[in-house]
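Have a look at the model first.

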Amino acid sequence: MKHLIACLAIATLVAAAGCKKDATPEATATHAAATADSGGSLKGDFGPPQGKPIEAILTSPPHVPPPTGRDYPAKVIVELDVVEKEMEISEGVTYTFWTFGGTVPGSFIRVRQGDTVQFHLRNMPDSKMPHNIDLHGVTGPGGGAASSFTAPGHVTRFTFKALNAGLFVYHCATAPVGMHIANGMYGLILVEPPAGMPPVDKEYYVMQGDFYTSGKYREKGHQDFDMQKGIDENPTYVLFNGSEGALTGDKALTANTGENVRLYVGNGGPNLVSSFHVIGEIFDKVWFEGGTRFNENVQTTLIPAGGAAIMDFHLEVPGSYVLVDHSIFRAFNKGALAILKADGAERPDIYSGKEVDAMYIGDRAAPNLAAVSTAAKAQQSGDLTVEEQVEAGKALFAGTCSTCHQPSGEGMPGVFPPLAKSDYIAANPKRVPEVILHGMQGPVKVNGQDYNSIMPPMSQLTDDEVANISTYVLNTWGNPGGRVTKADAAEIRKVKPANASEGH
């Protein structure tokens, strides 16, 4: 034992003095043994780049580049563009994002431990702001930020050695840093270990971020960044891959039963920690914090702001698996929800239940909410029709109201009153938006039947959403027709009726 300690001390002193040529073979071997299992930056292939330079394959989310497939270090050239662009953050809601590669999150970068990476950052000429990049996988002050400050219309270049294996966040670090990150400037770089990652059937790229808009959640039209909300850490949206519905409906992730799936999950922040969970699955392995160690049989894993994790699981049962931040209001009221659809034969020996209800997944089970976008654009141009309101309201009703009142509007006998052919609605059509906004409690008679349940207020809905749902109800299931406007909903919101519900 004393001999080992002495050897370690000698190796450390020799390395510190820069006199490796004078190190004894015994000391060198002991130092190598001490670092071999450390997971540190000395564990890898760090010779000079071999072969011709390689152009990195970059992919847009949720796609992941193929494995490097190399057993030697190479010079890898990464070219990444900064693009400022207006995109939808939710149906009918636009936001000016600042991006790496034109997407939120930015392009996925995949290299091998020991690679020498030559990084080119180009800021588009029509950008309004200078930008840079801080890669958490870079060893050096600022992670590359000081070397990559790039004005609009310019390009910068720097080089780094990928010393540590792992999954690392990158982000813009130009002041004000929080604003640049909050506008979508983040992504992931995977530095494979020398032996590569264990093979799987499907790999996907998912990244959470919190967004701070001037308007409320799902308020239609263009929304600006709200600095005070960011400082207060009070996000309007918490999203996977930059927009509500980015990974749902016809854009859901896909796999087959019997396959092994790997998720590379990052958290751009800038503020919130993610409690990442896949409803109905258990992670077989989680490489926590994106490092080289993994845990097994994990239900939910914490991913800090500016952190990442890798998770593997095997699909046994077909159906829709919901990815959420299990700080659960973020999932169902701020947008942190995605879907993985697994196809395959039923496995009643493992699970005898039915497919996840659309009512549970909400409006995101549908292929898309295009009708909501159409109605929002028509309203902005001043030519919104009743038919457009009905179509938008139908999509919103599915995720907001159908659990209790049923897709048919029939309600639940003795529990929830029917909306179909309702004499209660016919007597006063304005009751529909009033009950949506303020809820209702106490006894009520509908179509000759007595009810005494509680309808919680849906005050989180915007005025145009209330108007569209109300118009859909009024024009469906034999109800009297008519329309409710955004202005009507705004006025009704101001006055709370005597039988309003407190939500419990």
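Two strands pair if DSSP finds at least two bridges between them, and strands (E, at least two residues) are DSSP runs, numbered from the N terminus. This is a predicted model, where local features need pLDDT of at least 70 and side-chain atom pairs count only at pLDDT 80 or more, while totals for chains, interfaces and linings use all residues. Residues are numbered from 1 along each chain as its sequence is written, and side-chain values use heavy atoms, with hydrogens and water left out.

Q: What makes strand S15 and S18 a pair?
A: The definition asks for at least two bridges. Strand S15 (residues 274-279) has four bridges to S18, so they pair, and they run antiparallel. Take Phe 276: its bridge partner in S18 is Thr 301.

Q: Why are strand S13 and strand S18 called edge strands?
A: The open sheet has the order S13-S21-S20-S15-S18, with mixed pairing. S13 (253-256) and S18 (300-303) each pair on one side only.

Q: How do you know that S1 pairs with S2?
A: Two bridges join strand S1 (residues 54-55) to strand S2 (residues 75-90), in parallel. The cut-off is at least two, so they pair. Glu 55 stands opposite Ile 77 in S2.

Q: What does S2 do with S5 and with S3?
A: S2 and strand S5 (residues 116-123) pair in the parallel sense over eight bridges, with Leu 80 opposite Leu 121. Eight bridges also join S2 to strand S3 (residues 93-100), but antiparallel; there Glu 84 stands opposite Trp 98.
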